[in-house]
Amino acid sequence: MSGRDLFCQPRRARHGAALTLVFASVLVAGAATGSFPASDRKSTPDAARSAATAGHHEDVARAAAEAMADGKSPVEAAERAVSRSGDRWGAVYSQSEYEELEEALDGQYTGVGLSARRERDGRIEVTRVRSGSPAADAGVREGDRLRSVDGERVDGRPVTEVVSILRGDAEEDPAGTAVRLGLERGTRAWTETVRRARLSTDPVTVRTHADGVTVVKVTSFTKGVGRQVCAAVERVPSGAGVVLDLRGNSGGLVAEAVTAASAFLDGGLVATYDVDGDQRALHAEPGGDTTRPLVALVDGGTMSAAELLTGALQDRGRAVVIGSRTFGKGSVQMPSRLPGGSVAELTVGHYRTPSGRGVDGTGITPDLDVDPTDPAALERARTVLSGLGR
């Protein structure tokens, strides 16, 4: 499992999703979520609320209102109500947290600029350091071991918690606040103090290998990513193969994942979903390249909107999917405004792949089982791709 301090919401691991109709994913790259349609991302939560959700919402809203009347925290009371409801993916955000999540989905975040993963022995390893970030300026390198954050040992802890500590609290740890990193490189161990900063995401990277294979790595589906994927594919020479690397992709805006699917599909169904029993569908735009060889590389950190894309490409026979089973997050959340300005997101339905497969709790099973943590996984994908080309 891998993570990065991109969308991670502070401290409360129940935080999942955002905005209009949401496919929320848990905190692997932090809380990464999906909403659609993209055109009304900035709409208020109340505008998205449906009548069938009213009963559940009213219970949560009542708990928040009663807490306010007693001088207690409405957010904590709402969280307890969501927990009692059994809504696994329900989440509650303070007003400032929700606003910050909107910014994150626009490609902005507060953090130190490093990605990390937990190794099988429980160690936390730095997998990437963003150029020009506080972590890079402090000399942190890929492959360094992260031993502690602000004095808290992180070995053996879920990477989501580690990311949350790095990220800090939305209100108490804004840009400019210091965070102490305990690091290890070989036999050297040291502590480095860095200051969090406002950073921009770079969720799409493109690399063309000597054999002509282009690897398009997508780490999340923030605003504009779908078009970035389409543009990257359009630049690949006709007939040349593409590896779509979705390992560790924690999801994002579902509309962006649908647009990305349009790079490889000539219209047609991408997914169906229900909201309070009302069935709806998502379709790719016509005109995508349906002939170039395509391999999708996934792992247990491939979530939500990324699973939606993977399922569409697999069901429609467009890509060979290799790696390990994906996370299995396929529920739809809807946000509602609570007393005091906080926002609750409550589960209202689920989505399915074009063939009707449910994803929630099961994930996507790859066509070819490959250890996605093996450094040779990408080479295996290129080998499969070469076979498709023939």
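## Close-up views of a predicted model

**View 1. Salt bridge between Glu-119 and Arg-117.** Glu-119 and Arg-117 form a salt bridge in which the closest N and O atoms lie 2.7 Å apart. The structure shown here and in the other views is a predicted model. Glu-119 is partly exposed, at 23% relative accessibility. Arg-117 is also partly exposed, with a relative accessible area of 32%. The model has 18 salt bridges by the rule applied.

View 2. The closest N and O atoms of Arg-147 and Glu-184 are 2.6 Å apart, and the two residues form a salt bridge. Arg-147 belongs to strand β8 and Glu-184 to strand β10 (residues 178–185), so the pair ties together parts that are 37 residues apart in sequence. Arg-147 is partly exposed at 22% relative accessibility. Glu-184 has a relative accessible area of 18% and counts as buried, because the limit for buried is under 20%.

**View 3. Salt bridge between Arg-292 and Asp-289.** Here the closest N and O atoms are 3.2 Å apart. Arg-292 is buried, with a relative accessible area of 4%, whereas Asp-289 is partly exposed at 22%. Elsewhere in the model, salt bridges with shared partners link Arg-145, Arg-147, Arg-153, Asp-155 and Glu-184 into one network.

**View 4. Open sheet of 6 strands.** The strand order is β13-β14-β15-β18-β19-β22, and the pairing is mixed. β13 (204–208) and β22 (368–369) stand at the edges with a single partner strand each, so one side of each has no neighbour in the sheet. Strands β14 (residues 214–218) and β15 (residues 242–245) run parallel and are joined by 4 bridges. Val-215 has Val-243 in β15 as its bridge partner. Helix α7 (residues 225–235) packs on the sheet and touches β13 and β14; the helix direction makes about 10° with that of β13.

View 5. Val-298 is placed in strand β18 and is buried, at 0% relative accessibility. Val-298 and Arg-247 are 51 residues apart in sequence, yet their C-alpha atoms are 4.6 Å apart. Leaving aside residues up to four places away in sequence, the contacts of Val-298 include Leu-246, Arg-247, Thr-310, Val-321, Ile-322 and Pro-372.

**View 6. Strand β12 and its partner β5.** Strand β5 (residues 108–111) runs antiparallel to β12, with 4 bridges joining them. Gly-111 stands opposite Ala-197.

**View 7. Hairpin of β16 and β17.** Strands β16 (residues 269–275) and β17 (residues 278–283) are antiparallel and pair over 6 bridges. Tyr-273 has Arg-280 in β17 as its bridge partner. The hairpin has 2 residues between the strands, and Asp-276 in the turn has a positive phi of about 55°.

View 8. Most residues other than glycine have a negative phi. Asp-150, which is not a glycine, has a positive phi of about 50°. Asp-150 lies in the loop between β8 (145–149) and β9 (152–153) and is partly exposed, at 31% relative accessibility. Ser-304 has a positive phi near 55° and lies in the loop between β18 (294–298) and α9 (305–315). Ser-304 is buried, with a relative accessible area of 0%.

Conventions
Residues numbered from 1 in each chain as written. Predicted model: local features only at pLDDT ≥ 70, side-chain atom pairs only at ≥ 80, totals over all residues. Heavy atoms only, no water. Pairing = 2+ DSSP bridges. Buried < 20%, exposed > 50% of the residue type's maximum accessible area, 1.4 Å probe, protein only. Contact = heavy atoms within 4.5 Å. Axes fitted to C-alpha atoms, helices over the stretch in contact; angles between N-to-C directions. Salt bridge = Lys/Arg side-chain N within 4 Å of Asp/Glu carboxyl O.
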